[in-house]
Amino acid sequence: MEIGITTFAENTPDPATGKLLSPHERMMHLMEEIELADQVGLDVFAVGEHHRPDFIVSSPAVVLAAAAVKTKQIKLASGVTVLSSDDPVRVFQDFAHVDLLSKGRAEIMAGRGSFIESFPLFGNDLKDYDALFAEKLELLIQLNKSEKVTWEGKHRPAIDNLGIYPRPYQQQLPVWVAVGGTPASVVRAASLGLPMALAIIGGMPDRFVPFTELYNQTYKKAGHDPAKQQLAINSHGYIADDSQQAADEFYGPYAYVMSKLGRERGWSPMTREHYEAMRTPEGSLLVGSPQQVIDKILYEYELFGNTRFLLHISVGTLPHAKVMRAIELLGTVVAPAVKKAVK
């Protein structure tokens with residue numbers, strides 16, 4: 001199993017002091033986090049795309065290009081690229097640059113996006129939410145396979161036998177489809193033979209088993225090679241040296257962000273009681289000691305048989321030293337134990 005980290009490069013106030021990092025300081029922290037993840041042997045670092053003030057990365061490829069020259073082994077992925085509101089040609093070109101800079105470590109994790117700010121920003125209509133993604137994913141796949149492309153669709157100007165450059169270091173860029181639990185998205189990924197990343201950010205993980213079963217069945221029915229099938233589970237979590245420390249340190253920043261999003265989307269505010277329920281062995285939060293996180297990753301592996309696990313450590317801004325310690329524990333304690341157990 002590959003083990004790594006996802007981040008949205010959040011920049012939210014410290015719940016205790018109300019202080020906010022400068023964007024430059026937060027970006028420098030992000031670079032240090034990626035470098036450390038590489039040094040402690042983690043397999044993947046994924047950076048998300050947002051267009052709002054509480055997250056500082058709107059162009060994952062730019063950040064990953066900077067990280068490419070600071071790292072040696074870790075795979076560098078978007079998490080996610082909001083493909084629906086972007087141009088697949090530019091997405092492919094940008095990640096081809098990351099791939100060249102990293103000597104073949106770039107990946108694209110494409111999604112429709114759970115935040116919608118990019119749609120009006122780039123002149124897209126939300127009523128075309130699904131159609132935009134389906135069409136642009138089709139084009140991205142074609143760009144990845146062929147140096148010269150002829151293509152025509154409804155939501156982007158046609159391409160008539162034009163070359164797409166530069167080409168990546170790898171023969172093809174790995175393209176994952178990120179889903180949040182929509183059956184149609186699961187079927188799309190499986191039908192195309194693409195690896196799927198399933199985000200579990202609430203409720204009980206066992207509720208998502210039907211989605212992975214649907215993915216497995218559809219993938220097989222479509223005639224794709226089972227040896228190439230890949231499934232990632234992405235979950236919120238945090239690791240500290242002991243369980244209570246982890247719970248107390250993570251709660252404030254996590255509750256701040258989830259309650260803020262709740263006000264925007266009609267959810268109930270995050271309470272400590274709800275938070276603790278999510279930390280139980282069958283809950284969706286992986287917050288605790290290294291052994292607790294090991295146990296929960298293995299529990300999810302029993303449910304899903306996933307080939308990759310990505311931990312989303314900083315939902316709200318945590319002290320940088322705490323994040324670095326969590327990355328260190330994930331790479332030096334948690335990942336080796338999980339990999340040994342799933343062999």
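Reader: Which residues does Leu311 touch, not counting residues up to four places away in sequence?

Author: Leu311 touches Gly4, Ile5, Thr6, Ser235, His236, Gly237, Tyr238, Ile239, Leu286 and Leu330, where a contact means heavy atoms within 4.5 Å. This is a predicted model, where local features need pLDDT of at least 70 and side-chain atom pairs count only at pLDDT 80 or more, while totals for chains, interfaces and linings use all residues. Residues are numbered from 1 along each chain as its sequence is written, and side-chain values use heavy atoms, leaving out hydrogens and water.

Reader: How far apart are Leu311 and Gly237?

Author: They're 74 residues apart in sequence and 6.0 Å apart in space, C-alpha to C-alpha.

Reader: And is Leu311 buried or exposed?

Author: Leu311 is buried, at a relative accessible area of 0%. Buried means under 20%, exposed over 50% and partly exposed in between, using a 1.4 Å probe and protein chains only.

Reader: Switching topic: which residues lie nearest the centre of the largest pocket?

Author: Those are Phe8, Ser114, Gly180, Ala199 and Ile201, out of 40 lining residues. A pocket here is an open set of points on a 1 Å grid over the protein atoms alone, where a 1.4 Å probe fits, with protein on both sides within 12 Å along at least five of seven lines; lining residues have an atom within 4 Å of a point.

Reader: What about the second largest pocket, which residues are nearest its centre?

Author: For that pocket, Gln172, Leu192, Gly193, Leu194 and Pro195 lie nearest the centre, and 16 residues line it.
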